[in-house]
Amino acid sequence: MSRPVFFVTSEMYPFCKTGGLGDVLGALPVTLHKMGIPVAVILPFYRLTMNRHKVHQSYFGLPVGYPWAPITADAHKIVYNGVPVYFIERAEYFDRAAYYNTYKGDYFDNAERFIFFCRAALALIRRLNNSPAVIHAHDWQTGMLPAYVHYYKQYDPFWQNTSTVFTVHNLAFQGRFSSRLFDGCGLPPDAWSMSGVEFFGDLNMMKAGLNYASKVTTVSPSYSREILGPEFGYGMDGVLRERGSDLHGILNGVNYSIWSPENSRYLPRHYSADNLSGKKLCKDALIAELGMSPHLRNRPIFGFIGRLREQKGIDILYEIVPELMKRDIGLVVLGEGDAGFEAASMRFSQEYPGRYAGIVRYTEPLAHRVQAGSDSFLMPSRYEPCGLTQMYALRYGTPPIATSVGGLRDSIVPCPADDCTGFTFDECTGDAFLEAILEALTLWENNPQRWKEMVIRAMNQDFSWERSAQQYIDIYRSIGYGQETL
Ligand code: ADP
């Protein structure tokens with residue numbers, strides 16, 4: 001049996017999820033397990049996760065070992081689809097109402113929370129006493145982990161043959177904190193440098209991951225190139241360029257056992273590329289559920305699902321709502337986020353009753369129903385590391401209209417190509433977006449046959465996880481997975 005691969009992450013569906021990170025971690029380890037890789041996952045034990053799953057085994061008093069206090073953590077193991085999942089428990093850090101923030105803003109001690117999490121995860125792995133071939137960390141919350149492994153190697157042979165992979169799911173969120181937090185983080189003074197964790201006088205956890213991991217990956221090939229430049233690099237482009245061939249772009253996959261119109265447990269009717277009649281019923285049901293005008297059954301409905309943040313281009317969409325509403329179409333916007341954007345969505349609902357449905361909530365079941373009940377999916381993102389919702393839209397037969405960036409560029413074949421699966425536009429402006437939507441509307445109205453062919457092509461796209469998982473395995477192998485310890 002090869003030495004294991006440990007995933008350390010702040011999200012994993014169905015235990016905890018705020019976005020695509022949760023979906024990816026809900027699927028990739030399970031896929032790797034099915035492909036014969038010995039994987040395990042370590043997560044925080046959030047209040048929102050507690051009490052829902054039966055614990056198999058517990059580990060008490062893990063020494064997290066801060067320089068100033070003998071703080072410990074407990075861990076609890078369950079097995080999920082064959083994969084051991086460990087939850088790090090420390091009530092004052094994770095037994096809270098939310099994961100990272102409340103409506104008042106980020107938790108003030110997020111740095112301490114996730115530094116603690118990384119150190120506790122390593123303490124757990126040490127206790128399990130099965131030296132991992134690879135530890136795979138994700139986004140800033142676990143960015144410090146490769147740094148710890150780098151330094152632990154210097155005095156504990158247990159870590160000697162452990163490599164690290166750090167995956168960037170969104171470079172814009174970096175975990176940047178005051179330099180005073182470095183003092184207690186347990187790294188030696190020489191980590192406080194440009195090639196370490198220091199970034200313009202602050203502690204930057206994303207940078208720690210980028211600098212210390214054996215390999216860095218991000219979630220689409222296009223994004224892996226875009227972040228090498230200043231526009232999408234968010235100050236990290238230089239650091240990333242330094243990593244050269246250690247940086248890889250691997251497109252995320254889709255968990256089709258959850259996200260497909262044949263399987264979704266949230267749809268009123270199932271359907272497939274061979275029989276689309278259920279999609280029409282899903283649309284009728286969505287219209288009824290959201291109290292939209294019944295005449296929209298015969299008119300196109302455009303759907304948006306996502307965080308109401310500028311990244312997602314929600315302001316671009318709002319800019320053209322009045323123009324769109326001059327046409328006889330429906331618009332569904334499911335999302336929560338910035339207070340101003342949430343308020344605007346509610347206002348549009350009042351201004352265009354029956355045709356604009358704004359739902360300011362986080363609700364997984366409705367997300368499936370909006371995917372199924374819409375005719376086309378809107379995704380005007382300013383940047384998009386991968387984006388999963390457009391891939392879900394393809395499978396649900398809801399051709400996306402999206403900016404040509406990052407993973408959107410890598411997953412949508414734009415009209416007018418013969419094998420098109422959706423629409424893209426280059427400039428992230430209201431005008432360009434409107435033009436793309438009107439192009440889609442024209443096709444929907446004037447050429448239903450071509451539209452239907454596009455829908456079927458979209459549904460037949462295959463973004464299964466196996467292909468992406470194989471690329472991760474290749475990376476693990478390149479840094480020691482499968483080799484016996486010396
Ligand atoms: P990101 O990770 O940047 O938020 P992705 O497209 O990769 O974007 O993933 C978003 C995930 O979050 C999808 O599973 C999507 O359905 C889900 N999601 C976003 N907003 C909501 C919401 N308001 N209700 C339900 N699901 C949502």
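Modeller: Contact here means heavy atoms within 4.5 Å, and the model to which we apply that cut-off is a predicted one.

Colleague: Leaving aside its neighbours within four places in sequence, with which residues is Ser220 in contact?

Modeller: Ser220 sits in the loop between β13 (215–218) and α7 (221–226). Once the neighbours within four places in sequence are set aside, the contacts of Ser220 are Gly249, Ile250, Leu251, Pro385, Cys386, Gly406, Gly407 and Asp410.

Colleague: Does Ser220 count as buried or exposed?

Modeller: Buried means a relative accessible area under 20%. The relative accessibility of Ser220 is 0%, and therefore Ser220 counts as buried.

Colleague: Are α16 and α17 roughly parallel or roughly perpendicular?

Modeller: Helix α16 (residues 430–446) packs against helix α17 (residues 448–459) with the axes 5 Å apart and at an angle of about 115°. Angles of 65 to 115 degrees count as roughly perpendicular, so the relation of α16 to α17 is roughly perpendicular.

Colleague: By class, which residues make up the contact of α16 with α17?

Modeller: On the α16 side there are Ala440, Leu443, Trp444, Glu445 and Asn446, and these meet Pro448, Arg450, Trp451 and Met454 in α17. Sorted by class, the contact of α16 with α17 has two charged, one polar and six nonpolar residues.

Colleague: Which element gives the largest share of the lining of the second largest pocket?

Modeller: The second largest pocket, with a volume of about 370 Å³, is lined by 16 residues, and Lys279, Lys280, Asp375, Trp444 and Trp451 lie nearest its centre. Two or more lining residues come from each of α10 (277–289), α13 (364–373) and α17. The largest share, four residues, is given by α17.

Colleague: Which helix gives the most to the lining of the largest cavity?

Modeller: There are two cavities of 30 Å³ or more, and the largest cavity holds about 100 Å³ of space. Its lining has 15 residues, with Asp23, Ala27, Asn255, Trp259 and Tyr392 nearest the centre, and by class that lining divides into nine nonpolar, three polar and three charged residues. With four residues, the helix that gives the most to this lining is α1 (residues 20–34).

Key: Residues numbered from 1 in each chain as written. Predicted model: local features only at pLDDT ≥ 70, side-chain atom pairs only at ≥ 80, totals over all residues. Heavy atoms only, no water. Axes fitted to C-alpha atoms, helices over the stretch in contact; angles between N-to-C directions. Parallel < 35°, antiparallel > 145°, perpendicular 65-115°, else oblique. Nonpolar A, V, L, I, M, F, W, Y, C, P; charged D, E, K, R; others polar. 1 Å grid on protein atoms, 1.4 Å probe; cavity = no way out; pocket = protein on both sides within 12 Å on 5 of 7 lines; lining within 4 Å. Points joined across faces, edges and corners; volume = space filled by probe spheres on them. Buried < 20%, exposed > 50% of the residue type's maximum accessible area, 1.4 Å probe, protein only.
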